[in-house]
Amino acid sequence: MLTITRKLEFDAGHRIPDHKSQCRNLHGHRYTLEITLVGEVIQAEGNSDNGMIMDFSDIKALAKEHLVDVWDHAFIVYEKDDKVRDFLASLPGHKTVVIDRIPTVENLAQVAFGILKAAYTDRFGTGLHLHKLVLHETPNCWAEITDA
């Protein structure tokens with residue numbers, strides 16, 4: 001199996017409301033996102049993507065459009081974290097992303113995978129699809145999710 005991977009970074013805040021550690025407080029991370037795609041190599045003479053699974057710049061553009069630019073410099077908050085949601089709503093123009101689960105790195109990886117899976121699915125008729133997503137919360141801690 002031949003894969004390609006593109007890495008991107010973004011900054012975002014969150015909190016884990018019920019956690020026993022300092023993670024229950026508002027804080028942020030420099031997240032690193034690794035997107036791994038699988039598909040047949042494009043064989044089309046004269047095509048800009050000839051010899052590629054997908055152009056790395058196109059991988060980046062889609063990731064930015066569907067996820068990175070949405071989450072970058074946002075506060076990602078659990079929909080049931082009413083105190084923080086109310087606080088963020090009181091800040092004019094604040095960039096807030098509300099998700100349906102506690103924003104642990106595991107849950108964020110699952111949400112990101114769902115968003116990006118749709119963005120990359122078979123764009124060229126070559127079986128292209130998102131194979132794996134790795135989301136680093138810190139240099140030493142991350143979650144990985146693969147297409148089953």
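Two strands are said to pair if DSSP finds at least two bridges between them, where helices (H or I, at least four residues) and strands (E, at least two) are DSSP runs numbered from the N terminus. The model is predicted, so that local features need pLDDT of at least 70 and side-chain atom pairs count only at pLDDT 80 or more, while totals for chains, interfaces and linings use all residues. Residues are numbered from 1 along each chain as its sequence is written, and side-chain values use heavy atoms, with hydrogens and water left out.

**View 1. Strand E3 and its partner strands.** Strand E1 (residues 3–14) pairs with E3 in the parallel sense over two bridges, and Ala-12 stands opposite Ala-74 in E3. E3 also pairs in the parallel sense with strand E4 (residues 96–99), over four bridges, with Phe-75 opposite Thr-96 in E4.

**View 2. The largest nonpolar core.** This core, a set of buried Ala, Val, Leu, Ile, Met, Phe, Trp, Tyr and Cys residues joined through side-chain atoms within 4.5 Å, has 35 residues, and Leu-133 is among those that touch the most other members. Helix H3 (105–120) gives the most to this core, with nine residues.

**View 3. Leu-133.** Leaving aside neighbours within four places in sequence, Leu-133 is in contact (heavy atoms within 4.5 Å) with residues including Leu-33, Phe-113, Leu-116 and Ile-145.

Note on methods. Buried < 20%, exposed > 50% of the residue type's maximum accessible area, 1.4 Å probe, protein only.
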